[in-house]
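Hi,

Here is the structure I promised to pass on. Have a look at it first, and my notes follow below.

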Amino acid sequence: MAANNYEKPDFWSRKAFSEGYPARSVYKLKEINEKFGILKKNYRVLDLGAAPGSWTVFVLRALAGTGHITSVDLNPLSKNVTGDNLVFIQGDLYDEDVLRRAQELGPYDVVICDAAPPTTGNRTVDTARSAGLVELAVFYARTMLKEGGNFAVKIFQGGDQQKLLQQMREIFVSARGFKPEACRSESFETYLIGLKKK
């Protein structure tokens with residue numbers, strides 16, 4: 001018997017594999033895009049914490065051969081995640097060289113981040129680590145998004161959500177929380193959405 005529900009492929013996992021995505025997380029981005037319309041053809045997109053590559057594949061399909069996507073992660077993308085308009089940077093998001101290379105490929109119309117910290121099982125520690133990653137993603141969005149650009153980032157609930165939304169409201173015309181249906185019911189992850197960078 002599986003130790004928890006995360007080890008069992010659920011509806012979303014099976015759907016992802018059947019549609020050629022490396023992971024179920026793609027449906028969270030799909031819902032975000034359907035609700036907020038953050039992606040369009042010809043956009044330049046920065047995908048932070050991209051591995052194994054489901055969000056990158058979704059963006060590649062949405063761009064349909066136009067625009068460009070830069071994906072960044074410590075771990076490699078799945079082997080089948082490729083595209084002529086894709087550049088992958090393997091490295092730590094905190095690394096200055098990674099930051100510089102991502103900046104050189106911008107500015108971007110959209111910054112997306114589904115990165116999660118290594119979890120400990122201690123909710124206080126995990127939410128604090130998640131909030132740190134969100135602050136880093138907000139920094140990337142603040143410095144690399146074009147005016148009018150959009151932003152979506154995962155956060156663990158309880159991880160300074162209101163403070164981070166307040167920061168985002170200084171950068172974006174609109175900023176709000178959103179929990180996609182594809183999030184597991186037992187999960188305490190949600191997303192912060194920033195629309196139209198000032």
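Y94 is exposed, at a relative accessible area of 53% (exposed is over 50%, buried under 20%, partly exposed in between, with a 1.4 Å probe and protein chains only). You'll find Y94 in the loop between β3 (86–90) and α4 (96–104); helices (H or I, at least four residues) and strands (E, at least two) are DSSP runs numbered from the N terminus. Apart from neighbours within four places in sequence, Y94 is in contact with G132, L133 and L136 (contact is heavy atoms within 4.5 Å). Y94 and L136 sit 42 residues apart in sequence, with 7.7 Å from C-alpha to C-alpha.

A word on the source: this is a predicted model, where local features need pLDDT of at least 70 and side-chain atom pairs count only at pLDDT 80 or more, while totals for chains, interfaces and linings use all residues. Residues are numbered from 1 along each chain as its sequence is written, and side-chain values use heavy atoms, leaving out hydrogens and water.

Now for β4 (residues 108–113): six of its six residues are buried. β4 runs parallel to β1 (residues 44–48), joined by four bridges, with L46 opposite V111. Five bridges link β4 to β5 (residues 145–156), also in the parallel sense, and there I112 has A152 as its bridge partner. Strands count as paired if DSSP finds at least two bridges between them.

Last, helix α2 (residues 26–36): eight of its eleven residues are buried, so α2 is largely enclosed by the rest of the structure. Among the buried ones are K28, E31 and N33. After α2 comes G37, with a positive phi near 60°.

Cheers
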